[in-house]
Amino acid sequence: MSSTTADSSTLPAPSPSSASSSSTSSSTTSSSTAHDGSTTPSTTTTQPQQPTQQVNDKPTPEGYEFFTEGSAKILYQDKNQVFYNPVQEFNRDMSILMIKMYQDILEKEGKPRTIKILEALSATGLRSIRYAKEIKQIDHILSNDIDAAAVSSIRRNAEFNSVDHIIRPNQGDASVVMMQNKSAKYDVVDLDPYGSPSPFL
């Protein structure tokens with residue numbers, strides 16, 4: 001698979017955070033005067049209050065914005081530091097289609113469609129979250145990254161997208177984690193490194 005790199009210059013326009021998306025309601029008052037000089041009661045129209053930006057009824061955490069890819073919404077605080085390459089969206093789309101085709105093959109062979117996925121280099125958790133939201137019958141996804149901040153991001157984004165019951169954030173070296181889970185017999189091992197995958201194989 002191709003590598004995923006940070007490219008903040010091509011981020012989609014951010015969605016507003018909960019702190020900036022709400023507004024106060026406003027009202028207008030009108031009255032009319034009859035020919036005899038009497039006035040009719042005033043009529044007040046109240047505009048509805050703008051809702052807080054939410055995902056699955058969850059408000060965006062204060063200080064965060066998010067971008068959307070597929071069914072996933074990824075939180076970030078600084079667009080210059082978010083780890084995201086939109087060029088790889090097609091790659092992720094194709095991965096989802098291939099996994100669904102694999103499930104179809106399992107079904108034709110009389111085997112359960114439910115699968116387990118290990119993503120060895122998860123970064124923000126975008127790929128794992130898309131898998132969890134766009135592919136049915138996933139037992140769980142082990143979403144690994146060696147960076148502690150990335151693992152925190154995976155956990156935060158999984159909760160924000162309401163797939164934390166499927167995604168299991170994990171911190172560790174990708175090669176070691178794959179070796180440690182060899183006996184777990186994951187159906188899909190997703191390896192999307194920065195550069196060549198040969199060091200991990």
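A search of the whole structure, which is a predicted model, finds three aromatic pairs, where rings of Phe, Tyr and Trp (its six-membered ring) pair if their centres lie within 6.5 Å, and planes under 30 degrees apart count as stacked, over 60 as edge-to-face and the rest as tilted. The ring centres of Phe66 and Phe160 are 5.8 Å apart and their planes meet at 55°, so this pair is tilted. It joins distant parts of the chain, since Phe66 belongs to strand β5 (residues 65-69) and Phe160 to helix α4 (residues 148-160), 94 residues apart; helices (H or I, at least four residues) and strands (E, at least two) are DSSP runs numbered from the N terminus. Phe66 and Phe160 are both buried, meaning under 20% relative accessible area, with a 1.4 Å probe and protein chains only.

Phe67 and Tyr76 form a tilted pair as well, with 6.2 Å from centre to centre and 40° between the planes, and both of these residues are buried. Ring pairs also bring in Tyr84, which makes a cluster of Phe67, Tyr76 and Tyr84. Another ring, that of Tyr186, has the charged end of Lys116 over it, 5.5 Å from the ring centre; the criterion is NZ of Lys or CZ of Arg within 6 Å of the ring centre and within 35 degrees of the ring normal.

Leaving aside residues up to four places away in sequence, Ile99 touches Ile115, Ile117, Tyr131, Ile135 and Val188.

Taken as a whole, the protein chain has five helices and 10 strands, and buried residues make up 37% of its 201 residues. Among contacts (heavy atoms within 4.5 Å) between residues at least 6 apart in sequence, 67% join residues at least 24 apart.

Residues are numbered from 1 along each chain as its sequence is written, and side-chain values use heavy atoms, without hydrogens and water. In this predicted model, local features need pLDDT of at least 70 and side-chain atom pairs count only at pLDDT 80 or more, whereas totals for chains, interfaces and linings use all residues.

Technical notes: Buried means under 20% relative accessible area, exposed over 50%, partly exposed in between (1.4 Å probe, protein chains only).
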